[in-house]
Amino acid sequence: MAKKRRDEEEMESSEENGKEGELRTHQRIDQSLCGTLVALEPGYARVELETTPQMVVDEMGLVHGGFTFAAADFAAMAAVNDPNVVLVSSECRFLSPVKVGDRVVFEAKELYREARKRNIHVIGYFEDIKVFEGEFMAVVLERHVLKLKLVKEEE
C-alpha cells in the first residue's frame, strides 16, 4: 500500500513538472544572457552559460556576477518547472571569478518540496572549478504573480 502511494506521489510530481524535457517556465528568457537549458528532468535542470564580451566589466575580461546569478536562477526555476514559480530568496556564494570565454555549467536540484514551497540547490562549475553555490527558495502560485496583482487592484 505504501509503495502504491509513493508511486502515485511520484506520478503527480512528474505531471506537475510537465513532460520530461519540456520547459514550462521562463519560456521567453534570453538564453544568450542567462544560459542555455541543456537538461531537464522532474526536480533537476542543467544550464550552460557561454560567457561573452557583452558580459565583461573590465579590461581583464571579468564577467559581471549578475550573469552568473541569472544562469543559476534560471537553472533553479527550471528545476521546479512550473509556469507560476517565483523566486522569493537566495543565499549565494561566488567562489571563483568567471571570465569571458568561460563555459559555466549550473546544476540545480530541488531538495525540498512542501505544498507551494520549493528549496533548490544550485552549483556552478567551470571545468573542474566550482565557481558558484547557492540555495534558492521559490514558491509556486496559483496564477501568474502579475495577475495576482491585477486581481488585487480590481477589488
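**Core, buried charge and surface of the predicted model**

In this predicted model, D73 has its place in helix 3 (residues 65–80); helices (H or I, at least four residues) and strands (E, at least two) are DSSP runs, numbered from the N terminus. Residues are numbered from 1 along each chain as its sequence is written, side-chain values use heavy atoms, with hydrogens and water left out, and local features need pLDDT of at least 70, side-chain atom pairs count only at pLDDT 80 or more, and totals for chains, interfaces and linings use all residues.

D73 is buried yet lacks a salt bridge. Buried means under 20% relative accessible area, exposed over 50%, and partly exposed in between (1.4 Å probe, protein chains only). A salt bridge is a side-chain nitrogen of Lys or Arg within 4 Å of a carboxyl oxygen of Asp or Glu. The nearest side chain of opposite charge to D73 is R118, 14 Å away; Lys and Arg count as positive and Asp and Glu as negative, while His and the chain ends are not counted. With neighbours within four places in sequence left aside, D73 is in contact (heavy atoms within 4.5 Å) with L87 and F136.

The largest nonpolar core holds 29 residues, of which F106, I120, V122, F132 and F136 touch the most other members. Two or more residues are given to this core by each of strand 2 (44–50), helix 3, strand 4 (103–114), strand 5 (117–126) and strand 6. Helix 3 provides the largest share, nine residues. Such a core is a set of buried Ala, Val, Leu, Ile, Met, Phe, Trp, Tyr and Cys residues joined through side-chain atoms within 4.5 Å. Beyond four places in sequence, the contacts of I120 include A76, A79, V80, L111, G134 and F136.

G134 is found in strand 6 (residues 129–140) and counts as buried because its relative accessibility is 0%. Residues touched by G134, apart from those up to four places away in sequence, are E91, C92, I120, H121 and V122. Ten residues separate G134 from G124 in sequence, and their C-alpha atoms lie 8.9 Å apart.

A115 is found in the loop between strand 4 and strand 5, and E127 in the loop between strand 5 and strand 6. A115 counts as exposed because its relative accessibility is 71%; E127 is likewise exposed, at 65%.
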